[in-house]
Structures are given as C-alpha cells and as structure tokens.
Amino acid sequence: MSLDLSIRSFTLPAASDDVAYADTIPAVSTTAPTSKLERFLAEDRATPYVVIDLDVVEAHYRALKDALPAADVFYAVKANPSPLILERLVDLGGCFDAASISEIVQVMAAGASPDRISYGNTVKKASDIAKAHAFGVDLFALDSAAELEKIARHAPGARVFVRIVSSGEGSDWPLSHKFGCRPDQASDLLVRARDLGLVPYGVSFHVGSQQRDPAQWRHMIAKAAGVFRDVAAAGIRLGLVNLGGGFPAGLRGGPVPDIRAYGRAIMAAMTEHFGRDLPAMIVEPGRGLVGNAGVLVTEVVLVAERGADDKAWVYLDVGMFGGLAETMEEAILYPIESDRGGPSRPVVLAGPTCDSADVLYEKADYRLPVSLASGDRLRVRCTGAYTTTYSTVGFNGFAPLTTYCI
C-alpha cells in the first residue's frame with residue numbers, strides 16, 4: 001500500500017482566543033490541545049487531513065519512560081510511520097517495533113540503527129527475514145514451529161522471543177487468536193530454537209489495544225514467568241519480557257488511569273513473579289504515544305433527516321475507508337468537536353463512500369448541534385494512531401488521508 005505521508009509546509013497564523021468549542025460528545029483523559037496545534041487548525045486547508053503535534057508525541061514518550069524507567073520503548077511503527085515522528089523518536093533514543101521489511105527500511109531511513117529494531121510480526125516471508133538479518137536486525141518474534149524454522153534458516157544465530165496468547169479482556173480493541181500460542185507451546189519453541197542454533201531470548205504478549213485495566217499485565221506476566229521457569233529446567237536462561245502495547249489514549253468509553261498507574265502495576269507484577277532478578281523489559285506503545293497527538297479535520301458533506309429514531313444522518317468527507325477503520329463495530333470511540341453552539345441532538349455518523357458498511361457510529365450516543373450544516377467542519381480528536389495507515393489508496397476515487405506534522 002502506497003500512502004501519501006509527505007509533510008506539507010505551512011505558516012502559523014496569530015493565536016486566537018475566540019474559538020468556542022460546542023462539543024457535545026465528552027472527551028476523557030485527552031492531552032490538552034497546544035496553542036501551536038490550535039493555530040494550525042485555525043488555518044483553512046483542504047479536508048480531510050490529520051495533523052500530528054510532535055511535541056505531544058515527545059511528551060507521551062517521556063511520560064512512559066518516567067513511568068517505566070526499567071523498560072526500553074519500542075514504538076509500534078504501524079500506528080503512524082510519518083517520517084518526522086520516527087525522526088523525533090530516534091532523537092529521543094527510542095527503539096522500534098517493525099511489522100514489515102518496509103517499516104524496517106523507514107525506521108533506518110529515519111536514523112535508527114538495526115540494534116534498535118525488533119521484527120515483531122510473527123508472520124513473515126522468508127525473504128523478508130533474510131533481508132532484515134542482512135540489514136543487521138537481530139531480534140525476531142515468532143509463535144509457531146514453521147516460523148521458527150524460517151528464522152533458523154534465514155537469520156542464523158538471531159535472538160528470538162515467542163508470543164503467548166492473551167484474552168484482551170479490559171481493552172476496547174481485543175486482539176484475536178491470530179497471534180500467540182499457549183505458554184507450554186512457547187516453552188517447546190524456545191527449547192527448539194536453541195537446538196536450531198538460535199538464541200532463545202524471551203517471551204512477549206499483548207493485552208489488547210486501548211487497555212483500560214493495568215491489572216491485565218499482571219496475568220500475562222505470571223504466564224511469562226512460567227515459561228521462564230519451564231525452559232530453565234532445560235538449561236535455558238531467558239533475558240527478556242516484551243510487555244507489548246495497549247497503553248491508552250484519551251478516547252470516549254470511560255476513564256483511563258494515569259500512565260504512572262500502568263508503570264506501578266507492571267513493576268509490581270514483575271517483582272512479584274521474578275523477584276530481584278528482573279529480566280530486560282520492553283514496551284511497544286503505538287496509540288499510547290501518538291494517539292493523543294493527532295487531530296483529524298473533516299467536512300460535513302450532508303445532514304439528512306431520515307425520520308428514524310429522531311437521529312440525523314451526518315455524512316463526513318472521511319469514513320471507514322479513509323482512515324477511521326477502528327470505528328468498526330464502534331470499538332474505538334473518538335471524541336468529536338464542533339465549533340457550533342446551541343442545543344444538540346443524537347446523530348448517526350457516516351463516511352462519504354457508496355459502501356453501506358461505511359457507517360462510523362449509529363449505536364453509540366453521539367450528539368452534535370442541531371444547527372450543524374453542510375460545509376461545517378468537525379475535529380476528531382485522538383486520531384494520531386491507526387488512521388493514515390488504515391486509509392485506502394483510492395476507494396471510490398477518494399485520495400488517501402493527508403498527514404501534517406508540526
């Protein structure tokens with residue numbers, strides 16, 4: 001997929017204090033908008049687009065490092081691979097979780113050395129494993145015997161970690177059983193990795209995206225510690241627990257704890273199950289770093305009265321296929337703002353395409369001003385993650401979502 005991730009130039013206008021926010025859809029735990037971002041949003045430019053405040057990305061990176069100082073941060077590139085985001089994180093000393101050879105190339109182009117990259121996808125082409133190894137990448141994920149065999153053949157001597165399955169309980173976007181194996185299978189794979197000349201290095205898991213319950217890490221850390229004990233009986237000393245992602249952004253759906261609560265919960269569980277002999281730890285945030293940094297600006301194309309359930313249908317110039325794929329089954333609930341004031345009413349929000357599946361929110365209680373009209377603009381907050389990368393390359397002829405970084 002070829003995405004337009006080019007960075008546009010712009011001039012910031014003078015700050016304005018007279019913008020009235022008539023958002024009738026409550027936002028929770030969002031990062032306060034910066035004046036720099038608000039000045040950018042005040043300019044008139046073609047919609048739809050996403051703007052990313054790089055200073056907010058940096059602030060979230062630093063907050064996560066402060067909350068978990070013992071862990072290395074491997075940014076999940078798939079969340080948003082805009083070059084300026086990658087370059088900022090390289091400058092901060094961050095590392096990177098890549099899901100494809102293309103992401104590895106992007107990260108290295110941004111200045112990251114191969115030792116700061118993990119090839120975290122458990123499903124990889126043999127040729128891509130060989131390319132990554134030739135680049136110098138030395139850390140690979142797996143969750144099956146067939147993948148282990150490929151890595152042994154095409155990345156001899158590499159370090160490997162095995163992903164164990166998680167229920168995703170407590171998250172807004174639970175992960176399916178597409179990835180991960182049982183802990184006993186993980187133990188067998190790690191022993192086999194040693195026999196094949198690889199370095200059995202650790203265990204990984206993912207507790208589900210937008211995870212609102214810090215205690216979920218405790219359950220998975222306990223399982224990872226069990227794998228450590230099992231392979232120790234075979235003479236293998238593992239050195240890594242990959243704690244995955246799941247750190248939330250300020251979406252609708254209820255409050256989320258402060259990032260420090262996640263750090264405390266994780267470190268308490270690590271100490272409980274590993275004692276003082278703690279292995280190395282890495283975290284793989286995506287949404288947790290860039291979600292709050294982004295605002296998607298969209299134009300209202302049509303407000304239609306359908307006469308059903310007293311809900312107006314509001315059609316936007318961006319939808320399911322233009323970057324808001326995570327609204328599928330209304331799993332991810334973005335905060336939405338309008339500049340219009342006055343009374344509000346329930347609405348259905350839909351995208352512009354001719355596909356009947358392109359409906360964003362119908363069941364969730366979204367309300368917008370009664371005065372909303374075609375040509376108005378809405379701001380969709382917390383859209384820095386999983387928007388540009390989910391944007392199609394031309395369904396119905398609509399262009400991919402434009403990205404600005406400031």
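# Exercises on a predicted protein model

The protein has 10 helices and 19 strands. The model is a predicted one.

## Exercise 1. Overall form

Determine how the radius of gyration of the protein compares with the globule rule, and state what share of the residues is buried.

**Solution.** 

Step 1. The radius of gyration is 22 Å, and this is close to the 22 Å that the globule rule gives for 406 residues, so the protein is as compact as a globular protein of that length.

Step 2. The C-alpha trace spans about 70 × 40 × 40 Å along the principal axes of the protein.

Step 3. Of the 406 residues, 54% count as buried.

Step 4. Among contacts with a separation of 6 or more, 73% come from residues 24 or more positions apart.

## Exercise 2. Helices α4 and α5

Classify the packing of helix α4 against helix α5 by angle and handedness, and describe the residues of the contact.

**Solution.** 

Step 1. Two packed helices are described by the angle between their axes and the distance between the axes.

Step 2. The axes of α4 (residues 101–109) and α5 (residues 126–135) come within 10 Å and cross at roughly 20°. Angles under 35 degrees count as roughly parallel, and α4 is therefore roughly parallel to α5.

Step 3. The crossing of α4 past α5 is left-handed.

Step 4. On the α4 side, the contact is made by Ile 101, Ile 104, Val 105 and Met 108. On the α5 side, Asp 128, Lys 131, Ala 132 and Phe 135 take part. These residues divide into 6 nonpolar, no polar and 2 charged.

## Exercise 3. Helices α7 and α8

Carry out the corresponding analysis for helix α7 and helix α8.

**Solution.** 

Step 1. The axes of α7 (residues 183–195) and α8 (residues 216–232) come within 9 Å, with a crossing angle of roughly 40°.

Step 2. The two helices α7 and α8 are therefore oblique to each other.

Step 3. The handedness of the α7 and α8 crossing is right-handed.

Step 4. Pro 183, Ala 186, Ser 187, Leu 190 and Val 191 of α7 meet Lys 223, Val 227, Asp 230 and Val 231 of α8. The residues of this contact comprise 6 nonpolar, 1 polar and 2 charged.

## Exercise 4. The buried residues of α6

Identify the buried residues of helix α6 and the elements against which they pack.

**Solution.** 

Step 1. In α6 (residues 145–154), the buried residues are Glu 147, Leu 148, Lys 150, Ile 151 and Ala 152.

Step 2. The buried residues of α6 pack against α5, β5 (139–142), β6 (159–163) and α7.

Key. Residues are numbered from 1 along each chain as its sequence is written. This is a predicted model: local features need pLDDT of at least 70, side-chain atom pairs count only at pLDDT 80 or more; totals for chains, interfaces and linings use all residues. Side-chain values use heavy atoms; hydrogens and water are left out. Axes are lines fitted to C-alpha atoms, for helices over the stretch in contact, and angles run from 0 to 180 degrees between N-to-C directions. Helices (H or I, at least four residues) and strands (E, at least two) are DSSP runs, numbered from the N terminus. Angles under 35 degrees count as roughly parallel, over 145 as roughly antiparallel, 65 to 115 as roughly perpendicular and the rest as oblique. A crossing is left-handed if the near helix is turned anticlockwise from the far one by less than a right angle, and right-handed if clockwise. Contact means heavy atoms within 4.5 Å. Ala, Val, Leu, Ile, Met, Phe, Trp, Tyr, Cys and Pro count as nonpolar, Asp, Glu, Lys and Arg as charged, and the others, Gly among them, as polar. The radius of gyration is taken over C-alpha atoms; the globule rule is 2.2 Å times the number of residues to the power 0.38. Buried means under 20% relative accessible area, exposed over 50%, partly exposed in between (1.4 Å probe, protein chains only).
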